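This report looks at selected residues and at the way the parts of one protein chain meet. Please keep the structure in view while reading.

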Amino acid sequence: MSATSRQLTLASRPHGAPTDENFELKTVDLPALKDGEVLLRTIYLSLDPYMRGRMNDAKSYADPVNVGDVMVGATVCQVEESKNDKFSEGEWVLAYTGWQDYAITNGEGLMQLGKEPANPSYALGIMGMPGFTAYMGLLDIGAPKEGETVVVAAATGPVGATVGQIAKIKGCKVVGVAGGSEKCTHAVEKLGFDACIDHKADDFAEQLEKACDNGIDVYYENVGGKVFDAVLPLLNTAARVPLCGLVSQYNATSLPEGPDRLGMLMGQLLTKRIKMQGFIIFDDYGHRYDEFAQDMQKWLQDGKVQYREHMVEGIENTISAFNDMLSGKNFGKTVVKINEPL
């Protein structure tokens, strides 16, 4: 077993975008395993937008990371050593061990992925929290009907790409919003969207309106900001807005300039009878994971859902990869490869 482990800990709370100074890369000695424990070697670390909220000392649906603690995150690990009868050396598990090389656990909360999973890192994306988030948010809150228009922001990210493809499976017209022509081309040609609009275009709002000539029935919200400003007037009566994330706001240190538009938003929600609902995937839908997994495995096998990863190598590149993801420089699901497999 490894005698030491590198850990990325939160050294101070970021103001705006996180910097290297907000973290400390430590090397710690690992204790010997006790009976019932397993030593997990981190192979893949998931980077997700929700982590930015955990860096703040603010009340939310989950406690913030304490200064000095290892930064949280989902991981795919291999069991390097086991003193627990339920786990054997070499098997893969989905864990929540955070930004570190190794972790010691009693086995609680681990999801076993087997000895030789085909794509172990998929458990962090299409078969994990992002895929599950896309599935339940769209189907349960968005409730798309055949022939309706579904718009999704961050359309080539792990959630947005999945939302759009499921909406196509359900017979909807799908319009994506993404940053840059390469991502927009990918959404149309590889993911099968009907259109994808570049939010960096000067005439973004006009392009979106033209693409949504029958208005918008479902808007899957990932980003907020100017994208939502362009979407709001296009929402149809009885539109549904699953509220998944607001990534454009996560590094904000103050409210945006300009008039208060909350009254306008409330008025639209009222007069158009729009349903807007936030959700926390495992809190609200954990009991329905098997239903998702069954559908998604079949769609992947049948080629109905395409999946793309943005793989970064090395724990030392985690912070820059995280900031790239928040600013949309990633292309696909961001995963850091921390160690080589056993």
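Asp48 counts as buried, because its relative accessibility is 5% and the cut-off for buried is under 20%. The structure is a predicted model. The side chain of Asp48 meets that of Lys333 in a salt bridge, with N and O 2.9 Å apart. This pair joins distant parts of the chain: Asp48 sits in the loop between strand E3 (38-46) and helix H1 (50-54), while Lys333 belongs to strand E15 (residues 333-337), 285 residues away. Lys333 is buried too, at 1% relative accessibility.

**Salt bridges**

Side chains of opposite charge can pair when their charged atoms come close. Over the whole structure, 13 salt bridges are found. The table gives three of them.

| Pair | N to O distance |
|---|---|
| Asp48 and Lys333 | 2.9 Å |
| Arg261 and Asp229 | 3.1 Å |
| Glu291 and Arg288 | 3.0 Å |

The bridge between Arg261 and Asp229 also links distant parts of the chain, with Arg261 in the loop between E12 and H7 and Asp229 in helix H6, 32 residues apart. Arg261 is partly exposed, with a relative accessible area of 39%, and Asp229 counts as partly exposed at 37%. In the pair of Glu291 and Arg288, Glu291 is partly exposed at 33% and Arg288 is partly exposed at 24%. Salt bridges with shared partners also join Arg6, Asp101 and Glu316 into one network.

Domain 1 gives 19 residues to the contact and domain 2 gives 12. Between them the two domains bury about 1300 Å², of which 66% is on carbon and sulfur atoms. On the side of domain 1, Tyr61, Leu326 and Phe331 lose the most area to domain 2, and together they account for 35% of what that side buries.

Which kinds of polar link cross the interface of domain 1 and domain 2? Two residue pairs are in polar contact there, and zero salt bridges are found. The residues of domain 1 that touch domain 2 are nine nonpolar, five polar and five charged.

Ser5 is in strand E1 (residues 4-10) and is buried, at 1% relative accessibility. Its side chain reaches the backbone nitrogen of Tyr102 at 3.0 Å. Apart from its neighbours within four places in sequence, Ser5 is in contact with residues including Lys26, Leu30 and Asp101.

Asn222 lies in the loop between strand E11 (216-220) and helix H6 (225-231). Asn222 counts as buried, with a relative accessibility of 9%. A polar atom of the Asn222 side chain is 3.1 Å from the backbone oxygen of Ala153. Beyond its neighbours within four places in sequence, the contacts of Asn222 include Val152, Gly160 and Cys244.

**Positive phi angles**

Most residues other than glycine have a negative phi. Ala238, in strand E12 (residues 235-243), has a positive phi near 65 degrees. Ala238 is partly exposed, at 35% relative accessible area. Arg273 also has a positive phi, near 55 degrees, and is placed in the loop between helix H7 (262-271) and strand E13 (275-278). Is Arg273 buried or exposed? Arg273 counts as exposed, because its relative accessibility is 58% and the cut-off is over 50%.

Technical notes:
Residues numbered from 1 in each chain as written. Predicted model: local features only at pLDDT ≥ 70, side-chain atom pairs only at ≥ 80, totals over all residues. Heavy atoms only, no water. Contact = heavy atoms within 4.5 Å. Buried area = accessible area lost by both parts, 1.4 Å probe. Salt bridge = Lys/Arg side-chain N within 4 Å of Asp/Glu carboxyl O. Polar contact = N/O pair within 3.5 Å; in protein donor to acceptor, adjacent residues only side chain to side chain. Nonpolar A, V, L, I, M, F, W, Y, C, P; charged D, E, K, R; others polar. Helix = DSSP H or I, 4+ residues; strand = E, 2+ residues; numbered from the N terminus. Buried < 20%, exposed > 50% of the residue type's maximum accessible area, 1.4 Å probe, protein only.
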